[in-house]
Amino acid sequence: MLVKTFGSAVYGIEAITITVEVNISGGNIYYAIVGLPDNAVRESLQRIESALSTNSFRMPRQRIIVNMAPADIKKEGSSYDLTIATAILAASNQINAEELDKYLIMGELSLDGSLQPIKGALSISIQARKDGFKGFILPKQNAREAAIVNDLEVYGVENITEVAGFFNGDIQLTREVVNTREEFYNSLCNYDSDFSEVKGQENIKRALEIAAAGGHNAILIGPPGAGKTMLARRLPSILPPLSLYESLETTKIHSVAGKLSAADALVTIRPFRSPHHTISDVALVGGGGNPQPGEISLAHNGVLFLDELPEFKRSALEVMRQPLEERKVTISRAKFSVDYPSSFMLVASMNPCPCGYYNHPEKECICPPGMVQKYLSKISGPLLDRIDLHVEVTPVNFNELASDRLAEKSEHIRERVIKAREVQIARFGNRPDLHANAQMSPQMVRDLCKITAAGQTLLKKAMEKLGLSARAYDRILKVSRTIADLAGSEDIQTEHLAEAIQFRSLDREGWAG
């Protein structure tokens, strides 16, 4: 008897429906899976046999051929176990096959018949609705993320016996229902940390407010314990809230990577990813034999924080250059390629030198001559060129630490950032791919960042006196445009330029001695 069930394969963050055909015929015992399965799929027959026998079903002792169509697409992972097992039960007349074509079925089986979670449930659920399926049966742990999709019946199950009972009409499964908009708005901007917890450092908070308002990448330079990491971790709390579209897109990436917990239905706060400096190129950008999103994609619509930037491998930093420009990363293989979105804000931190105390107001640097320059040269010019704000962080003094004065809350800063972003969206209205000043091309900088004669004089003197490099010119104009937007000014004033100039520390001649 021939029976068809339906599963799904995830490529990138999109899914493709897979038809699983099982034919049981007479003859000697013979099990085969065809249709480009990987080892995890081939091993499913052993898991299925144990799961069926443990739950009082029988594995047919006949010739069983399993075909996974389309046969030219590679099938990977263990999430087809339940799809195949259900088809075998139907083909051997142990369950009713009448309703099978209305449901998409996915899940990894344990030897006792219980189900393990799968990856990419949200992407699969979206594709199931597109393909006109009535419902989606999957492990209980993934039910909430799949139920975000409207007009699709989602049933979370814990054991294969529940699936068999459902198709035989013996039991009723409880449909998982998630009110997407309620879930989204209830958890929006629900951050654990706040800028009001940071004592002092008002100039650094101002720099991060500018970075958030214009989508600028930033690097924090300062001695150990000055508060660089603490400040960076609070940056997502002042970014504009995620839109529902951004939330769904971010959730798809985290779902494909298997990073969503059973309690989470949606990612409602902007991601903050902080990989260790020993990270490999593939883990940072994405890829591998079975391509998975990397840290830059998991930071999509959020912040990627690279602590101690010079300690990262140069090759890992260099592969970030293209995604920083294109806001997506393409993983290419011989037979296919996948795209992962990677629109993130890069925030890095570093000590000014190996000992950490160069330019410290109180402690003396013990690094030998030339060591500071050598340390800074670990960061390549092209990567530094993509960082608009160089912020020097100084330690907080005792009086500020001991002060009871409450600092400004993140929500108040966020309101100013949102207003500045609204100005930019109106400015780039005819360019839906542009959202912030940091994304302006050099030609747009010339057109939209006009400065007065007094401003030109100030900028010329600053570049000559401070020894700023040519690449600092465009960056200063972009940042000054954002400062003007925060101030509600249509034109860039000299005070906006002056503030932007101070954020180009690493471009100054002799900064590193």
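Start by selecting Ser 247, which is buried, with a relative accessible area of 0%. Buried means under 20% relative accessible area, so Ser 247 falls in that class. Bear in mind that this is a predicted model.

Ser 247 sits in helix H10.

Next, show the entire chain. DSSP runs give 22 helices and 18 strands in the protein chain. The C-alpha trace spans about 90 × 50 × 45 Å along its principal axes. Of the 513 residues in the protein chain, 54% are buried. Take the contacts in the chain with a separation of 6 or more: residues 24 or more positions apart account for 73% of them.

Now go to the largest pocket, which has a volume of about 1300 Å³. To centre the view, select Arg 327, Ser 343, His 435, Ala 436 and Gln 439; among the 45 residues that line the largest pocket, these are the closest to its centre.

Then colour the helices that contribute to the lining. Each of the following supplies at least two residues of the lining of the largest pocket:

- H10, residues 244-256, the helix that holds Ser 247
- H14, residues 321-326
- H18, residues 410-427
- H19, residues 442-448
- H21, residues 471-486

Which helix gives the largest share of the lining of the largest pocket? H18 does, with four residues. Colour the lining by class and you will find 19 nonpolar, eleven polar and 15 charged residues.

Two packed helices are described by the angle between their axes and the distance between the axes.

For the last stop, show the side chains where the two helices meet. On the H8 side, pick Glu 209, Ala 212, Ala 213 and Gly 214. On the H18 side, pick Ile 413, Arg 416, Val 417, Ala 420, Arg 421 and Gln 424. By class, the residues of the contact of H8 with H18 divide into five nonpolar, two polar and three charged.

Methods. Residues are numbered from 1 along each chain as its sequence is written. This is a predicted model: local features need pLDDT of at least 70, side-chain atom pairs count only at pLDDT 80 or more; totals for chains, interfaces and linings use all residues. Side-chain values use heavy atoms; hydrogens and water are left out. On a 1 Å grid over the protein atoms alone, a cavity is a set of points where a 1.4 Å probe fits but cannot get out, and a pocket is an open set with protein on both sides within 12 Å along at least five of seven lines; lining residues have an atom within 4 Å of a point. Grid points are joined across faces, edges and corners, and a volume is the space filled by probe spheres set on the points. Ala, Val, Leu, Ile, Met, Phe, Trp, Tyr, Cys and Pro count as nonpolar, Asp, Glu, Lys and Arg as charged, and the others, Gly among them, as polar. Contact means heavy atoms within 4.5 Å. Buried means under 20% relative accessible area, exposed over 50%, partly exposed in between (1.4 Å probe, protein chains only).
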